[in-house]
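Here are my notes on this one, in the order I'd go through them with the model open.

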Amino acid sequence: MKKIIILLLILIIPVTVKAEELDLTAKSSILIEASTGEILSEKNSDEKLAPASMTKIMTMLLIMESLEKNDYTLEDKVNISTNAASMGGSQVFLEAGSELKVKELLKAIAIASANDAAVAMAEYTAGSTESFVNLMNEKAASLGCTNTTFKNVHGLDTEGHLTTAKDMAIMARELLKHEEILNYSSIYEEFLNKPDGSSTWMVNTNKLIKYYNGLDGLKTGFTKNAGYCLTATAKRNNMRLISVVMSEPTTEKRSSDTIKLLNYGFANYKIKVVMPKDQDLGSVEIKNGKKETVEIKLTEDATNLESISDNKKYGFNINVDKIKAPIKVGDIIGKLEITIDGSVKKEIPITVKEDVKKANIWDLYKRNLNKILIGA
């Protein structure tokens with residue numbers, strides 16, 4: 001009971017402290033703001049450690065990317081191999097030869113940290129776990145995770161299977177670009193119904209989902225070698241934070257350190273929208289288009305991470321390339337520079353508000369004739 005009361009007090013009181021005063025028990029940790037990637041707190045964040053089931057952040061990232069590329073859909077059925085069904089550790093007891101939908105297996109990975117589901121999806125995505133591990137390492141390298149080496153898809157202790165808190169934060173940030181993953185990682189409990197009529201009750205291994213305001217993911221981990229680990233994410237007041245703690249001695253320390261990090265971030269920082277994406281930026285000329293000009297807009301809100309007490313004054317520079325038709329919404333035609341005291345702090349891509357097709361000869365003839373008549 002005493003532990004519960006202390007935990008609840010930590011949850012509801014966002015104490016303002018300096019990063020170095022957090023007094024974490026984690027061997028390694030980091031806290032970043034998701035939209036900017038800026039580091040708010042870190043401790044031994046480049047130390048290589050075993051990640052346990054936090055490995056599945058990369059597993060889920062590759063699954064989400066495959067879904068985005070339409071390699072398969074959430075409704076596709078996956079045949080469960082003998083290899084997948086024989087996995088130990090955390091599992092949902094899949095039966096070899098049975099078939100489950102991609103969305104059910106993804107849910108089992110996100111909620112129950114199911115090793116059998118992870119292996120089944122790895123085989124379905126890449127043909128074999130070996131090929132999938134290669135994809136994991138290639139993706140990690142492309143993200144700049146230079147201290148990460150994956151040896152398996154689930155995180156069970158394997159020699160050389162190592163990453164860092166900083167690399168885990170980078171991978172988590174990339175996964176969160178696929179916001180749909182939060183529809184799974186935020187579920188606290190649910191039944192997995194199987195083809196034979198049986199079901200497995202899945203309870204999220206991340207208990208803070210139920211207790212911490214705004215927390216909706218991402219992945220816990222535990223093995224004897226790794227200790228207790230957690231990559232967590234929470235959103236409040238338009239700001240999303242990502243925390244990572246590694247090699248904790250107990251689940252209680254894992255939770256309390258995560259809460260300390262998130263409380264520190266929310267109490268001391270804010271995201272300021274310095275220009276909304278629907279702000280009127282005017283129009284630009286477009287060469288050889290069915291229209292002579294096209295209105296432009298930001299691809300996203302222009303935001304900046306500030307200290308909670310900041311009230312910075314921002315300046316803006318719009319730089320747009322010479323454009324010619326055809327052009328589509330989403331095509332990048334320039335950038336908005338956000339400046340503070342004359343220095344560029346951030347750049348936001350600029351696109352067009354509507355598609356503009358290329359003009360044909362008749363369009364150009366009428367346009368030129370009209371100009372002649374007006375000039376006359």
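1. A definition first, for the helix pair in the next point: axes here are lines fitted to C-alpha atoms, for helices over the stretch in contact, and angles run from 0 to 180 degrees between N-to-C directions. Keep in mind throughout that this is a predicted model.

2. Now the pair itself. Helix 2, residues 56-68, packs against helix 6, residues 129-142, at an angle of about 95 degrees, and their axes are 10 Å apart. That makes helix 2 roughly perpendicular to helix 6, because angles of 65 to 115 degrees are put in that class. On the helix 2 side the contact is made by Met 58, Thr 59, Leu 61, Leu 62 and Glu 65. Helix 6 brings Phe 132, Leu 135, Met 136, Lys 139 and Ala 140. Sorted by class, that contact has 7 nonpolar, 1 polar and 2 charged residues.

3. Confidence. The average pLDDT of the protein is 91, and 91% of the residues score at least 70. Residues 1-16 are where I'd be careful: pLDDT stays under 50 there. For that stretch the model has 16 contacts beyond four places in sequence.

4. Overall picture. The protein has 11 helices and 17 strands. Along the principal axes, its C-alpha atoms fill a box of roughly 85 × 55 × 35 Å. Of the 376 residues, 48% are buried. If you take contacts between residues at least 6 apart in sequence, 63% of them join residues at least 24 apart.

5. Asn 152 deserves a look. You'll find it in the loop between helix 6 and helix 7, the latter being 165-175. Is Asn 152 buried or exposed? It counts as buried, because its relative accessibility is 8% and the cut-off for buried is under 20%. What does the side chain of Asn 152 reach at 2.6 Å? The backbone nitrogen of Gly 155. The side chain of Asn 152 also has a polar contact of 2.9 Å with the side chain of Thr 158. Leaving aside neighbours within four places in sequence, Asn 152 is in contact with Thr 55, Val 133, Met 136, Thr 158 and His 161. Met 136 also turned up in the contact between helix 2 and helix 6.

6. Next, Ile 242 in strand 9, residues 239-248. With a relative accessibility of 0%, Ile 242 counts as buried. Ile 242 and Ile 30 are 212 residues apart along the chain, yet their C-alpha atoms are separated by 8.2 Å. Once neighbours within four places in sequence are left aside, the contacts of Ile 242 include Ile 30, Leu 31, Ile 32 and Ala 34. Also among them are Ala 169, Ala 172, Arg 173 and Leu 176, along with Thr 231, Ala 232 and Thr 233.

7. Ile 39 touches some of those residues too. Ile 39 lies in strand 2, residues 39-43, and is partly exposed, with a relative accessible area of 37%. Beyond neighbours within four places in sequence, Ile 39 is in contact with Ile 30, Leu 31, Ile 32 and Lys 166.

8. Backbone points to check before you set anything up. Most residues other than glycine have a negative phi, and most peptide bonds are trans. Which peptide bonds are cis? One runs from Gly 217 to Leu 218, with omega near 10 degrees, and Leu 218 lies in strand 7, residues 215-223. Another runs from Ala 325 to Pro 326, with omega near 0 degrees. Pro 326 is in the loop between strand 15 (323-324) and strand 16 (334-340).

9. Positive phi. Phe 93 is not a glycine, but its phi is positive at about 60 degrees. Phe 93 sits in the loop between helix 3 (82-85) and strand 4 (99-101), and counts as exposed at 55% relative accessibility. Asn 237, also not a glycine, has a positive phi of about 50 degrees. Its loop runs between strand 8 (227-236) and strand 9, and Asn 237 is exposed, with a relative accessible area of 74%.

How values were computed. Residues are numbered from 1 along each chain as its sequence is written. This is a predicted model: local features need pLDDT of at least 70, side-chain atom pairs count only at pLDDT 80 or more; totals for chains, interfaces and linings use all residues. Side-chain values use heavy atoms; hydrogens and water are left out. pLDDT is the predictor's confidence in each residue, from 0 to 100. Contact means heavy atoms within 4.5 Å. Helices (H or I, at least four residues) and strands (E, at least two) are DSSP runs, numbered from the N terminus. Angles under 35 degrees count as roughly parallel, over 145 as roughly antiparallel, 65 to 115 as roughly perpendicular and the rest as oblique. Ala, Val, Leu, Ile, Met, Phe, Trp, Tyr, Cys and Pro count as nonpolar, Asp, Glu, Lys and Arg as charged, and the others, Gly among them, as polar. Buried means under 20% relative accessible area, exposed over 50%, partly exposed in between (1.4 Å probe, protein chains only). A polar contact is a pair of N or O atoms within 3.5 Å; within protein, one must be able to donate a hydrogen and the other to accept it, and residues adjacent in sequence count only if both atoms are side-chain atoms.
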